[in-house]
Amino acid sequence: MIAGSVYGVVLNDGAERAALASAFEAAPYQRPPVAPVMYIKPRGCIAPHGSTVVLAGDAATVEVAATIGLLFRHDANRVTASRALDTVGAACLALDVSVPHDSYYRPPVRHRARDGFLPLGAFGPFDETLFEREIVTFTDDREVHRWSCTRLASSAADLIAEISSFMTLRAGDLLLIGLPDDAPRIGAGTQVRATLDGLPPADARFVAEAVA
Amino acid sequence: MKRALVQHSGRPIWAEVREADSILLLPGGEMIAFDDTAWLPPTTQGATIFALGLNYADHVKELGFKAKEPPLIFLKGPNTLIGHRQETPRPADANQMHPECELVAVIGRPARRVRAEDALDHVAGYTVANDYAIREYLENYYRPNLRVKNRDATTPLGPWLVDAADIADPQALDLTTRVNGCIVQAGSTADMILGVADLIAYLSETMTLLPGDMILTGTPKGVHFCNVGDVVECEIASVGRLVNRIVADPAA
């Protein structure tokens, strides 16, 4: 369902950045981040709406962060912020699953890149008003989280401009534009749904690994 | 057997390397000489690209780190890859850009929780990567960060894939990097902290490795900063010699 690469950004929640300001000055970070702090979700993570995600090994509890994914229709290479959103062709809701981790020092491959750890809703048309609407997360039909991209430290347009200053976001790539720092944590046996007015929902069921 | 991905008649096509590494045989029987070949990185679309940092004890010491437990793994996008005899852009402010010669293992069949002793059965073949780094752009967040390791065209790969059956022991291969003919890196895959089999076992604990997925297994010591115009050759014995040239980044 995604022909290209999936990139995501952490530390793009404005309140989270403010709260971590003193930590950014201390070891091992030494200074605040300059470039967007990015990660990659490889193809094995991508799961369609309605998937079952198996929580195996040390992933008894996972963080499920609902966000917006932007699908590129044109290559974004050194675009200005004012032209950046012209490169976006569609959007979807994403459930970015990770094993909770406190350190941002080393790449989070083992925490963020596991089989099925990126359920995606179906794509809908992109429209900038999506950034103003609330992304609501439900577990077992109960609302547990609500946020909007107005919380982002770097807007989607600024992010695309900054990232495209050092690498191409290619047509067919997907960019997850930021995660809320207060995303819910869940365990096996939970049904999760994210909604946003204007996009199809993203659902996933989290189950424990079957014991052989 | 060695197989190369080349651009031919307007499309990528896999060819067999023949005649003592001088001729490519296309599936229809047509032959092309190396000098007439447009080399592409020998990859499968969509493949996951794992890479290792600090996986050679001598390089860890050189950079002033202690050996990592657990291993330092990062991911790369396909925008980074270019083929043999292509050009890598060097930004004007990149005074600390250095090549990193690496053995690449390419997965041939799905691997999920495989044991190290069985892991090499999941390897289709091997190739060579030059995983350039630009140290000025390092930041201490998800380090090595994408601004260092995910730049367009900064990871030459190739020239070809060598079948796993033709490599008796992936942990006994000499690696050499030459810049303008002078040796700047000389090591052996025997010095990897985690070898190919261990890496497949470790990665497959949490991710299913699929055919085409690649593991760039890290680089030995020898940090040499490169300039525009440098010709950089990364060679791994029995696998291949990957040639690349550094050019000025036209936009930076």
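**View 1. Strands S18(B) and S19(B), residues 240-248, pair in the antiparallel sense over six bridges.** This is a predicted model, in which local features need pLDDT of at least 70 and side-chain atom pairs count only at pLDDT 80 or more, while totals for chains, interfaces and linings use all residues. Residues are numbered from 1 along each chain as its sequence is written, with chains lettered from A and ligands numbered from 1 in the order in which they are written. Strands here are DSSP E runs of at least two residues, and helices are H or I runs of at least four, both numbered from the N terminus. Two strands count as paired if DSSP finds at least two bridges between them. Look for Val231(B), which stands opposite Arg245(B) in S19(B). The two strands make a hairpin with three residues between them, and Ser238(B) in that turn has a positive phi of about 70 degrees.

**View 2. Strand S18(B), residues 231-236, has a covered face and an uncovered one.** Val232(B), Cys234(B) and Ile236(B) sit on the covered face; Val231(B), Glu233(B) and Glu235(B) are on the uncovered face. S18(B) is also joined to strand S15(B), residues 174-179, by five bridges, and this pair runs antiparallel. Here Glu233(B) is the bridge partner of Arg178(B). As a reminder, strands of a sheet pair through backbone hydrogen bonds, either parallel or antiparallel.

**View 3. Helix H4(B), residues 196-203, is largely enclosed by the rest of the structure, because six of its eight residues are buried.** A residue is called buried if 20 or more other C-beta atoms lie within 10 Å of its own, exposed if 12 or fewer do, and partly exposed in between, with C-beta atoms placed from the backbone. The buried ones are Val196(B), Ala197(B), Leu199(B), Ile200(B), Ala201(B) and Leu203(B). Their packing partners include strands S6(B) (49-53), S11(B) (101-107) and S12(B) (123-130). Helix H2(B) (116-119) and strand S17(B) (214-216) also pack against the buried residues of H4(B).

**View 4. Chain B is assigned domain 1 (1-40) and domain 2 (43-248).** The bounds come from an automatic or database domain assignment. The C-alpha centres of the two domains lie 24 Å apart. Seven residues of domain 1 are in contact with nine residues of domain 2, where contact puts the C-beta atoms, placed from the backbone, within 7 Å. On the domain 1 side, strands S1(B) (2-8) and S5(B) (39-40) each supply at least two residues, and S1(B) gives the largest share, with three. That side divides into five nonpolar, no polar and two charged residues.

**View 5. Where the chains meet, 26 residues of chain B are in contact with 30 residues of chain A.** On the chain B side, the elements giving two or more residues are strand S7(B) (72-76) and helix H3(B) (146-149). S7(B) makes the largest contribution, four residues.

**View 6. Chain A has an open sheet of five strands in the order S4-S13-S12-S8-S9, with mixed pairing.** S4(A) (51-55) and S9(A) (142-148) are the edge strands, each pairing on one side only. Neighbouring strands are turned by 20 degrees against each other on average, direction ignored; the axes are lines fitted to C-alpha atoms. At one end of the order, S8(A) (134-139) and S9(A) pair in the antiparallel sense over six bridges. Phe138(A) stands opposite Glu143(A) in S9(A).

**View 7. For orientation, chain B has four helices and 19 strands, and chain A has five helices and 13 strands.** Of the 252 residues of chain B, 49% count as buried; in chain A, buried residues make up 47% of 212. The C-alpha trace of chain B spans about 50 × 45 × 30 Å along its principal axes. For chain A, the C-alpha atoms fill a box of roughly 50 × 45 × 30 Å, again along the principal axes.

Methods:
Contact = placed C-beta atoms within 7 Å. Nonpolar A, V, L, I, M, F, W, Y, C, P; charged D, E, K, R; others polar. Axes fitted to C-alpha atoms, helices over the stretch in contact; angles between N-to-C directions.
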